[in-house]
Amino acid sequence: MGNSELAQLKKSFLCKNCNKIRIVQLQACVRECDCSEELHFTSIFDFYANLYFHLDNRNYADYETICNEFSDEQIKEKADGLLFHHLPEEALAAYSVNSTDYLQLIMKLFRKTVANCQTADDILLVAVNWLFYLSNTMKELRKLQHHDSYFGRNLAPIPTIRGPLLYRVDSSIKAYLERFEAIVDPNYILLRKKVYFFLVREEYPYYNVTHKYIGLSKRWADIDNYVGNLSFCFFSHNFSLLKDYILSVKDSDDGNYIFSFTNIRSRKRQEYTEKFQTTLAKAELNFIMAPELSTPIDSQRYMIDTIKQQKKKNLIFAITGSFHVREGDISLHPQNRERIYNYAQVVNQEGSTIYDLYKMNRFIIHKSDKNQAELPIFVEKSGTERNAYDKRDIVLFDTLLGRIAFLICVDLINFSIDEILIDRQVDVVFVISMTPNPAGGKFIRKMQELSEGCGAVVFLCNNPGSAKIGDENLRGLAHFPLIKKLFKTHETARIYTLEEMLYGQTRADRGE
Ligand SMILES: [Zn+2]
C-alpha cells in the first residue's frame with residue numbers, strides 16, 4: 001500500500017467508472033482505470049447522490065467504527081481541521097444551492113479538501129462530513145415554502161445520476177412521540193437515518209409508487225404546538241353481515257365461491273350515514289376514517305356531501321370507508337364497466353377526493369363452523385373476494401404530519417408493500433380493514449416491522465364483520481413505533497386525541 005493507491009482513491013470518488021470503493025482499505029476504482037474521466041454532475045443533487053452512493057455501505061460502518069474510538073470532541077476537531085475550516089462561508093452563501101456556480105464551488109472545495117488528506121481514515125472522515133454538510137445545507141429546500149420552486153409539485157424523488165434521491169419529511173407526529181418516549185432505533189447505523197436526502201429504489205415489483213406534496217392550509221403551520229390534541233375518530237357501525245349485507249356469490253372453478261357485496265340494506269345505510277353526519281359535526285375532529293366494506297358508493301357520496309356542507313375548518317382529511325363498486329359507477333371512462341373494485345376515497349376538508357384508494361390484493365374467507373352466525377354460506381365452502389387488482393398505484397403524501405400512506409386491509413400484510421414503505425421512509429400509515437383480528441398475527445407483525453424499519457405510526461379502522469360487542473370486535477387501533485402496547489377501541493364513533501391514545505402506552509405513563 002502506498003501513495004499511488006491513496007492518490008487513486010482520492011480521484012475515484014468522482015470517476016465515471018467507479019462503482020465501489022472501500023476507503024479504509026484503499027480499494028479504489030478498477031485497476032486499469034486512471035480515473036481521469038469524471039462523472040458529469042448537473043446539480044448539487046447529482047453530486048450529493050454520488051457521494052451518498054459511495055458511502056451508503058461498509059464505508060459508513062467504517063466511519064461509525066472510527067467515531068467509536070474517539071470522543072465526539074476529538075472527531076469534531078478532526079473534521080474542523082480537515083474540512084470545515086476550509087469552507088469559505090461567505091462565498092458559499094452567495095450562491096443559491098441549486099445553481100451551477102454553487103455546484104462548481106462545492107466541487108472545487110471537495111477536490112481540495114480530499115487532496116489534503118494524508119491517510120485513508122482522513123479521506124473517510126472528510127467524505128462523510130461533506131455529505132452531512134450538504135445534507136444540512138439542502139434540508140431547507142424540503143420545506144413547504146421552498147418546495148414547489150425547487151422540486152416542482154410532483155418531482156419527488158429527484159432524479160440523479162445515481163438514481164432517485166428522496167428527502168426525509170419532518171413529521172410532526174414523530175417529533176411529538178419522541179417527546180414521550182426515547183425511540184431506540186435498531187437501524188441507527190444506517191446512513192439514511194443520519195441525513196435528510198437518501199437514494200431509493202427506482203422501481204418495485206407489482207406496484208407503481210409516486211409522491212404527492214400537499215401543503216396543508218396555513219392554519220396548520222404551527223402544528224408542532226398541538227399535535228397531541230389532534231383528534232381522530234375510528235368511525236364504524238354495528239352491521240350484521242347476515243342481516244344487513246346483500247351478498248353476491250358465484251361458483252368458482254376450484255369448487256369454492258367467488259363473492260362480493262352488492263350493497264347494505266337501505267335502513268342500515270341511512271343509520272350509518274346519519275351517524276356520520278352527527279359525528280363529523282363534533283367540534284374538534286381532525287381525522288375521521290371508516291373501515292373496509294362498510295360504505296357503499298352512494299354512502300361514500302353522501303359522506304362527501306356532508307363534508308362539503310359542514311365546511312369543517314379543523315378537518316385534515318377523511319377516509320370514506322370502502323365497498324365493492326363497479327368501475328362503471330366510479331369512472332367516466334371505464335375500461336370495463338362491470339369490473340369490481342374494493343374502493344374508498346380520501347377526502348380533504350373541502351370535500352375533494354385527493355386519493356382514489358383501491359385494494360390491490362384480495363382476501364379469502366376460509367370455510368369454517370365459525371362462519372355459521374354471520375356468513376353461513378362459508379361453512380361448507382371457502383369464498384374468494386371478487387375484486388380486480390389492476391390499479392396498482394401507491395401514492396405517498398408528503399405533509400406537515402409526515403409522509404403518509406393509505407392502504408386497505410390485506411395490502412398491509414402483502415409481502416412487498418412494507419418494503420416500499422420502509423424504502424420511502426413513510427411516517428404514518430392509515431389502514432382500513434375488515435378482519436376479526438386486526439390486533440393479532442400478521443397485522444401486528446407488519447406494524448412492528450414498519451415501526452422498526454421506518455418508525456411509522458399505524459392507525460387502523462376496522463369492520464369486525466359482526467354486530468356482536470366483545471373483546472374481538474375491535475373498531476380502531478393505533479400502533480406507535482417501538483411502543484409495545486397497542487391503543488385499541490371497541491367504540492364506533494368516539495373521538496380520541498393523539499395524547500389520549502398514547503396515554504398509558506408509554507413507559508413514562510406506566511411509571512417504568
Ligand atoms: Zn476510475
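**Close-up views of a predicted model**

**View A. Facing residues in a strand pair.** Ser248 lies opposite Ser260, a residue of strand 7. The structure shown is a predicted model. Leu247 likewise has a facing residue in strand 7, namely Phe261. These facing residues belong to a view of strand 6, which spans residues 245–251, and strand 7, which spans residues 257–264. The two strands pair in the antiparallel sense, and seven bridges link them.

**View B. The turn between strand 6 and strand 7.** A hairpin is formed by strand 6 and strand 7, with five residues between them. Within the turn, Gly255 has a positive phi of about 90 degrees.

**View C. Strand 7 and its pairing with strand 14.** Strand 7 also pairs with strand 14, which comprises residues 383–385. Here the sense is parallel, and the pairing extends over three bridges.

View D. Helix 1 runs over residues 3–12. Its buried residues are Leu6, Gln8, Leu9, Lys10 and Ser12. The cover over the buried residues of this helix includes helix 2 (44–55), helix 6 (100–115) and helix 7 (120–138).

**View E. The two domains of the chain.** The chain is divided into domain 1, covering 3–142, and domain 2, covering 208–502. The centres of domain 1 and domain 2, taken over C-alpha atoms, are separated by 46 Å.

Notes. Residues numbered from 1 in each chain as written. Predicted model: local features only at pLDDT ≥ 70, side-chain atom pairs only at ≥ 80, totals over all residues. Heavy atoms only, no water. Buried < 20%, exposed > 50% of the residue type's maximum accessible area, 1.4 Å probe, protein only. Helix = DSSP H or I, 4+ residues; strand = E, 2+ residues; numbered from the N terminus. Contact = heavy atoms within 4.5 Å. Pairing = 2+ DSSP bridges. Domains from an automatic or database assignment.
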